[in-house]
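Hi,

Here's the structure I promised to pass on. Have a look through it first, and then read on for what turned up.

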Amino acid sequence: MTSAASDKPNRADALPKSWDPSQVESAMYERWVAAGYFAADPASGKPPYSIVLPPPNVTGSLHMGHALDHTLMDTLSRRKRMQGYEVLWLPGMDHAGIATQTVVEKRLAVDGKTKEDFGRELFIDKVWDWKRESGGQIQGQMRRLGDGVDWSRDRFTMDDGLSRAVQTIFKRLYDAGLIYRAERLVNWSPVLKTGISDLEVDYKDVDGELVSLRYGSLDDAEPHVIVATTRVETMLGDTAVAVHPDDERYRGLVGTTLYHPITGRQIPIVADDYVDPEFGSGAVKITPAHDPNDFELGLRHNLPMPTIMDETGKIAGSGTEFDGMDRFEAREKIRLRLEAEGRVVGRKFPYTHSVGHSERSGEPIEPRLSMQWWVKVESLAKAAGDAVRNGDVKIHPASQEPRWFEWVDNMHDWCISRQLWWGHRIPIWYGPEGEIVCVGPDETAPEGFVQDPDVLDTWFSSGLWPFSTMGWPDATPELAKFYPTSVLVTGYDILFFWVARMMMFGMFVSDDPVLTAGKTDKQVPFRDVFLHGLIRDQFGKKMSKSRGNGIDPLDWISEYGADATRFTLARGAQPGGDLSVGTPHVTASRSFITKLFNATKFALMNGAEPGELPARDTLTDADRWILDRLDEVIVETDATLDRYEFNKAFEGLYHFAWDEMCDWYLELAKVQFTASEQRAASTRVVLGTVLDSLLRLLHPAIPFVTESLWQALTGGESIVIASWPTVSGAAADAVADRRIADTQRLITEIRRFRSDQGLADKQKVAAKLIGLDAADLSAQQDAVTNLARLTEPEADFAATASLEVRLGTGTVTVELDTSDSIDLDAERRRLAKDLAAAEKELAQTTAKLGNEAFLAKAPENVVDKIKGRRDVAAGEVDRITARLAELEGK
């Protein structure tokens with residue numbers, strides 16, 4: 001360190017000896033919040049940038065998928081804030097109807113209680129108590145991760161304001177004829193006693209049975225049909241047998257009826273293209289009330305649709321001795337009776353097949369015909385599709401667009417009612433004479449009317465999230481400033497469920513005067529949709545509880561720090577692609593953060609600080625090279641982040657920081673610090689400037705360590721509110737770039753040669769550098785000498801080893817005197833081993849080239865490749881033999 005640098009207080013003293021995130025992160029985050037850095041101002045004149053947080057379920061905790069979402073959203077928000085935008089990142093939680101009610105009911109069950117023991121109102125009070133407990137846990141986890149959200153605007157899908165939005169849009173849809181009530185097939189949970197959405201169904205391979213049954217006569221000469229089923233019990237609800245219309249085997253039976261072996265009814269044989277004539281017997285039993293495909297076929301053929309199970313999954317209403325049995329018990333009992341009657345003609349057991357299970361309660365779901373409320377989606381889905389087709393909303397990556405169109409162009413009507421107590425109660429009231437009234441948020445139901453007991457699907461309220469959280473249906477400063485939102489960040493796995501619903505509702509209200517006030521076009525809920533992939537373990541396997549390969553992000557934060565956790569996720573996130581993470585990835589991130597910390601601390605110890613750069617022509621090649629590379633990295637980082645290519649952005653910054661700034665420029669700077677005071681002073685400014693920009697570029701992904709380092713480096717208030725780096729505007733210096741590239745190659749080759757000679761890394765060796773002037777590297781001699789551990793030769797210098805390094809504008813010969821530096825016995829052993837390997841390769845290639853049969857068959861390029869290997873081996877034999885001869889007399 002030079003005397004001028006030591007005249008100033010050492011700003012490295014502001015940093016701890018080493019980086020310990022557990023001692024820094026929590027307090028630093030609370031300072032950010034208290035300073036109001038994350039609070040959005042709708043009255044600001046800055047351009048707006050807004051993101052709404054996909055609301056996590058209030059019952060849960062943040063898993064690694066949440067950590068990825070939050071890291072990417074925080075990265076985008078922090079960067080935009082530094083770029084001069086007024087940023088709103090709006091947090092919140094979802095009431096998660098089924099999940100929350102299930103959790104609270106289980107807690108009650110510990111005391112032997114049910115929700116019915118309390119009644120609806122008292123039970124809901126208990127759910128609110130649970131919400132306050134669980135919601136605080138999630139907020140604490142978000143703070144540990146470093147989420148820069150505007151906590152003053154935290155929302156919950158059951159808030160009064162959001163409830164008002166739900167009632168408003170329900171009534172508008174109802175009045176437009178887009179909400180209706182009908183008896184349809186739904187996914188039914190017998191444990192929860194409610195319909196559930198497709199997203200709440202997990203499909204698992206289970207071992208069951210495939211039973212082949214004989215319908216009709218037991219007399220082979222009389223009409224009969226063989227059908228196969230994995231759910232024997234559903235035959236109680238069969239109302240037809242279907243065959244393909246072109247199947248010659250059954251042409252004479254279509255239009256006739258068959259004897260049902262349990263109920264005794266006569267059921268028709270119908271022809272339908274749905275049936276695959278190549279599968280099994282080519283005939284299928286049809287149970288319209290308990291199978292979605294059968295339901296559609298039943299509608300086409302106007303079949304009866306008897307429901308033969310109650311809401312708990314027990315057989316009911318079949319008029320048989322099986323009424324009252326659980327569905328699984330009935331399955332076995334019915335099969336045994338049919339076997340006794342000679343109607344079971346085949347049974348495969350075990351038979352592995354996919355069965356849908358309730359995600360919340362774990363039991364197999366039951367397709368069940370049920371009276372429910374539905375949204376007519378055709379026009380809504382078309383608008384959601386058109387918004388992407390016409391470019392109002394862009395999906396990143398664009399490769400996900402076909403999946404989007406496939407979904408919205410073929411969407412079925414949406415069941416929105418749930419048989420629960422916790423949730424937004426359906427705003428429909430029934431009168432004493434069967435009247436039906438939809439009641440809006442500012443309306444009152446007529447006296448004597450009773451409200452529908454069901455609540456709305458959770459996705460109904462979360463589908464309003466982008467605008468309900470900002471105050472809609474009322475006109476608010478937030479809607480005027482921040483809607484439409486800028487980007488939605490989420491996983492591709494909920495593209496259809498949540499994103500589609502937000503798009504449908506957003507397009508439905510797109511011309512609402514509240515949203516369009518002061519704006520010239522219809523308003524979409526978000527301009528960009530960034531879809532990332534799923535988190536997988538380090539071996540590429542999907543994380544799951546059953547595999548035991550899940551990772552709790554809080555465990556990583558506790559052990560490695562929030563920055564290392566975030567950098568691991570940001571560095572792996574690419575549009576539409578899954579990312580694998582494991583301990584090796586997060587330890588690598590921690591090593592990177594340690595490297596950055598140590599490099600900055602070293603720079604501070606040597607007086608580095610950003611400031612006005614000297615004229616470019618007064619700087620060294622190394623200075624100009626690193627400044628040019630910084631400009632390139634800024635451009636690359638901006639371009640990749642604008643395309644949501646987080647992985648490319650942070651991979652590039654990783655390599656710039658580690659490979660170029662730390663491994664090369666810092667080492668070159670050490671040499672320059674020992675030169676003249678003028679040279680040392682300019683180096684301090686260049687190094688400080690590069691570090692200043694690098695820390696700001698990295699801040700969105702690793703906010704804590706960059707804050708500590710940046711404050712020590714610049715003395716600024718906070719990197720959170722610092723400006724985003726921009727390019728210098730200086731013309732790139734191609735000559736400096738070439739010289740530094742040649743210098744790096746020369747040093748690398750000398751280091752490799754030293755290693756081959758068995759020299760210790762820190763051992764200095766006398767050497768002559770011949771040809772530096774011709775290679776235009778005379779100004780780099782000190783750098784080469786210092787970084788390659790070379791010393792000036794004495795008068796009696798005698799080279800014992802040499803190498804030639806071909807560079808961009810010439811060749812440099814390096815002559816070294818290693819006579820006092822090498823363990824001669826070890827060197828001879830090493831050379832003997834290398835000689836044996838080279839001789840073996842020479843013998844093998846020579847033998848192949850002398851084999852006429854081989855040469856007659858081998859392609860010319862293969863022969864040429866073997867010749868090349870032979871020539872290399874021959875050269876190695878000559879080189880090593882000569883070197884051994886040199887050592888013979890020593």
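This is a predicted model: local features need pLDDT of at least 70, side-chain atom pairs count only at pLDDT 80 or more; totals for chains, interfaces and linings use all residues.

What comes after α20? Tyr644 follows, with a positive phi. Tyr644 sits in the loop between α20 and α21 (646–673), and its phi is about 60° although it is not a glycine. Since its relative accessible area is 6%, and buried means under 20%, Tyr644 is buried.

Asp776 has a positive phi as well, near 60°, and it isn't a glycine either. You'll find Asp776 in the loop between β26 and α25 (781–787). With a relative accessible area of 27%, Asp776 is partly exposed.

Two prolines are worth a look. The peptide bond from His396 to Pro397 is cis, with omega near 5°, and Pro397 lies in the loop between β15 (394–396) and α11 (401–408). The bond from Tyr483 to Pro484 is cis too, also with omega near 5°; Pro484 belongs to the loop between α14 (477–482) and β22 (485–491).

Last, the surface. Arg751, Lys762, Lys764 and Arg789 form a positive patch there. One of them, Lys762, is in the loop between α24 (734–756) and β26 (765–770). Lys762 counts as exposed because its relative accessibility is 72%, and the cut-off for exposed is over 50%.

Cheers

Methods. Residues are numbered from 1 along each chain as its sequence is written. Side-chain values use heavy atoms; hydrogens and water are left out. Helices (H or I, at least four residues) and strands (E, at least two) are DSSP runs, numbered from the N terminus. Patches are made of residues with over 30% relative accessible area and no salt bridge: like charges are joined within 9 Å, nonpolar side chains (Val, Leu, Ile, Met, Phe, Trp, Tyr) within 5 Å. Accessible areas come from the Shrake-Rupley method with a 1.4 Å probe; for residues, only the protein chains shown count as cover. A salt bridge is a side-chain nitrogen of Lys or Arg within 4 Å of a carboxyl oxygen of Asp or Glu. Lys and Arg count as positive and Asp and Glu as negative; His and the chain ends are not counted. The place of a charge is taken as NZ of Lys, CZ of Arg, CG of Asp or CD of Glu. Buried means under 20% relative accessible area, exposed over 50%, partly exposed in between (1.4 Å probe, protein chains only).
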